[in-house]
Amino acid sequence: MVGAGVIGLTCAVRLLEQGHRVDVLARDLPLETTSAAAAALWYPYRAYPFEQVTAWSKVTFEVLARLAGDDETGVRMRSGTELHRARTADPWWVSAVPGLTRVTTMPAPYVDAWTFEAPVVEMPVYLRWLVGRVEELGGTLTRMALNALPDGDGAEAVVDATGLGARLMAGDSSVMPVRGQVVIVEQVGLDRWWLDGSGPTYVVPRSHDIVVGGTDDEGAWDRRPDPEVARRLLARAAELVPELARARVLGHRVGLRPARPSVRLEAEQRGGTRVVHCYGHGGAGVTLSWGCADEVATLVSG
Ligand SMILES: Cc1cc2nc3c(=O)[nH]c(=O)nc-3n(C[C@H](O)[C@H](O)[C@H](O)COP(=O)(O)OP(=O)(O)OC[C@H]3O[C@@H](n4cnc5c(N)ncnc54)[C@H](O)[C@@H]3O)c2cc1C
């Protein structure tokens with residue numbers, strides 16, 4: 001497995017559960033990846049094609065909902081509200097959520113809204129939990145920066161879960177960064193998430209803090225937080241959740257979403273090695289992770 005973000009680790013766990021031996025190699029360890037910057041609300045966003053993304057999201061919803069029963073995973077089911085400034089049709093992924101309900105009263109300037117319960121994944125906790133699963137199932141995790149995918153060396157398959165790194169590893173220039181900046185603020189007693197699709201502006205509560213986002217700058221590679229952007233994010237978030245106006249800022253994070261016109265999930269024969277590519281999950285890597293991992297496991301097994 002090349003890559004130790006949410007995709008590589010989830011695929012590793014699934015493969016280990018099915019009896020494969022798995023060694024994970026990665027330049028960035030889990031807490032240093034884009035995955036660690038994710039908010040992370042279950043929400044299909046900037047990932048394509050719609051039909052497969054809906055199917056993968058549905059599977060992942062069910063797995064995460066089960067994991068939410070165990071505090072150690074960092075997954076929790078939380079209700080929240082998505083607000084719109086114009087009349088809006090049901091989201092294209094509506095069939096992946098068990099219960100999405102239209103709201104009839106909402107504050108101006110919003111004219112449409114819906115609410116649903118979804119998994120919220122506290123990434124620092126969850127990524128550590130995934131690493132723990134990899135290790136307890138007998139897998140390994142090694143820091144290693146590669147300049148090409150390994151040739152397999154007798155392995156059944158090499159899985160390419162390198163996210164944005166697939167530009168180099170798979171020679172795929174259709175993977176592009178979509179920069180996302182978030183501000184982490186103190187918990188002010190919030191237990192619901194809020195989303196205004198027009199920003200996008202989102203407020204995602206976790207156990208000890210709240211993630212406030214966001215931005216989506218296509219083609220931007222700068223991983224330094226911009227203080228002016230952070231100020232604007234906080235101002236927008238305080239319009240959604242007024243209590244946030246006084247919340248203490250704990251930190252800033254930037255991640256580069258690995259966006260692609262469509263997720264690449266397919267097997268390719270390279271010499272004597274089967275390579276299974278799984279990258280390009282855009283703004284929804286957490287949301288798609290378990291659905292994609294099941295397909296990777298099928299492709300590895302041939
Ligand atoms: C601000 C922000 C908020 C987000 N919010 C959400 C959300 O609420 N819900 C959601 O579902 N998604 C969200 N996302 C999107 C999500 O974070 C990504 O889709 C996901 O992290 C992609 O995971 P990945 O494992 O493919 O990539 P990454 O996490 O980037 O991991 C890639 C791995 O490959 C390794 N690698 C790359 N190149 C090499 C190489 N040459 N040699 C060795 N190793 C290599 C890296 O070191 C790393 O370990 C958000 C993203 C951002 C930035």
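This is a predicted model: local features need pLDDT of at least 70, side-chain atom pairs count only at pLDDT 80 or more; totals for chains, interfaces and linings use all residues.
**Entry 1: the open sheet**
I began with a sheet of three strands. I found that it is open, with the order β6-β14-β13 and mixed pairing. I noted that β6 (157–160) and β13 (264–270) are the edge strands; each has a single partner strand, so one side of each has no neighbour in the sheet. From one strand to the next, I read an average twist of 20 degrees. I then looked at how β13 meets β14 (residues 273–279), and found antiparallel pairing over seven bridges. One of the residues I checked was R270, whose bridge partner in β14 is T273.

**Entry 2: a salt bridge at R270**
I stayed with R270 and looked at its side chain, which meets that of E268 in a salt bridge (3.4 Å, N to O). How covered are the two residues? R270 has a relative accessible area of 34%, so I wrote it down as partly exposed. E268 is partly exposed as well, at 28% relative accessibility.

**Entry 3: strand β4 and its partners**
Next I turned to β4 (residues 112–121). Is this strand mostly covered or mostly open? I found it mostly covered, with eight of its ten residues buried. Strand β2 (residues 75–84) runs antiparallel to β4, and ten bridges join them. Strand β3 (residues 100–102) also pairs with β4 in the antiparallel sense, over three bridges.

How many salt bridges does the structure hold? I noted 23. I picked out E17 and R133, whose side chains meet at 3.0 Å, N to O. This pair links distant parts of the chain, with E17 in helix α1 (residues 6–17) and R133 in helix α3 (residues 123–136), 116 residues apart. E17 is partly exposed, at 37% relative accessibility.

I also looked up R231 and E228, where the closest N and O atoms are 2.9 Å apart. They sit three residues apart in helix α5 (residues 227–240), so about one helical turn separates them. R231 is exposed, with 53% relative accessible area, while E228 is partly exposed at 36%.

**Entry 4: a nonpolar patch**
Last, I went to the surface. Which residues form a nonpolar patch there? I found Y48, F50 and W92, with about 280 Å² of accessible area together. F50 lies in helix α2 (residues 50–67), and I marked F50 as partly exposed because its relative accessibility is 40%.

Technical notes: Residues are numbered from 1 along each chain as its sequence is written. Side-chain values use heavy atoms; hydrogens and water are left out. Patches are made of residues with over 30% relative accessible area and no salt bridge: like charges are joined within 9 Å, nonpolar side chains (Val, Leu, Ile, Met, Phe, Trp, Tyr) within 5 Å. Accessible areas come from the Shrake-Rupley method with a 1.4 Å probe; for residues, only the protein chains shown count as cover. A salt bridge is a side-chain nitrogen of Lys or Arg within 4 Å of a carboxyl oxygen of Asp or Glu. Helices (H or I, at least four residues) and strands (E, at least two) are DSSP runs, numbered from the N terminus. Buried means under 20% relative accessible area, exposed over 50%, partly exposed in between (1.4 Å probe, protein chains only). Two strands pair if DSSP finds at least two bridges between them. Axes are lines fitted to C-alpha atoms, for helices over the stretch in contact, and angles run from 0 to 180 degrees between N-to-C directions.
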